Amino acid sequence: MPEFDPAATALLTVECQNGVVGEESALPELAKEARDSGMLDRVAALVAAARGAGVQVVHAVAERRPDGLGANTNARLFRAAGRLPVRQLTGSRAVEIAAPLAVDARDLVVRRLHGLSPMAGTDLDALLRNLGVRTLVVTGVSSNIAIPNTVFDAVNLGYEVVVPADAIAGVPASCTAEVIRNSLALVASVTTAEALITRWAARGCPP
């Protein structure tokens, strides 16, 4: 993993929200994997370490309007989401950040109404550039869809991307290892949550 400046780095949590990884998730299998694997706990530890080292924390949330305006309907995934018993409705508990994560006053929260990646169709890229961010650490769910899309979009936009392999999750669990090995490792620096926490603790205040 290359050296990078914490002041020019952001930690991004992707869809770590109640309606996705919480106890009342619309996707219970994914939520179970995120929690049972320890992924959510590691993301929470990364968030704390990032704040202590001066790394900007950004939470990316997927949501939709109650009337569905602006939401994608051009794939089976999107159409199925509209029929799920738990929907990611704007302003609802489902789109709040899930425990054990918590939003700090200095964190940024970026919300999207469409698409597969928080880098597309939101102001995330502009916010990161305004902050002088050049390196993006990507965590969260899912390794099936949102995480690869986020990584590829960030790489295409010129960011150096870091993926802590044990701070992302998908279903089945074996999918995550395959996606990392065969796709993400080709375009991003793959590391672990512990390695990043150790590095950030040395740079700033211990988490």
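Here are some questions and answers about this predicted model.

Q: Is Leu 124 buried or exposed?
A: Leu 124 has its place in helix H5, which covers residues 124–130. Buried means under 20% relative accessible area. Leu 124 has 1% relative accessibility, so Leu 124 counts as buried.

Q: Which residues is Leu 124 in contact with, leaving aside its neighbours within four places in sequence?
A: Contact here means heavy atoms within 4.5 Å. With the neighbours within four places in sequence set aside, the contacts of Leu 124 are Leu 12, Val 58, Val 110, Pro 118 and Met 119.

Q: How many residues apart in sequence are the parts that the salt bridge of Arg 112 and Glu 15 ties together?
A: The closest N and O atoms of Arg 112 and Glu 15 are 2.9 Å apart, and the two form a salt bridge. Arg 112 lies in strand S3, while Glu 15 sits in the loop between strand S1 and helix H1, so the pair ties together parts whose separation in sequence is 97 residues.

Q: Is Asp 166 buried or partly exposed?
A: Asp 166 forms a salt bridge with Arg 42, with 3.7 Å between the closest N and O atoms. Buried would need under 20% relative accessible area, and exposed over 50%. At 24% relative accessibility, Asp 166 is therefore partly exposed.

Q: Which helix holds both Arg 181 and Glu 178?
A: Arg 181 and Glu 178 form a salt bridge, and their closest N and O atoms are 2.8 Å apart. The two are three residues apart, about one turn of the helix, and both lie in helix H7.

Note on methods. Residues numbered from 1 in each chain as written. Predicted model: local features only at pLDDT ≥ 70, side-chain atom pairs only at ≥ 80, totals over all residues. Heavy atoms only, no water. Helix = DSSP H or I, 4+ residues; strand = E, 2+ residues; numbered from the N terminus. Buried < 20%, exposed > 50% of the residue type's maximum accessible area, 1.4 Å probe, protein only. Salt bridge = Lys/Arg side-chain N within 4 Å of Asp/Glu carboxyl O.
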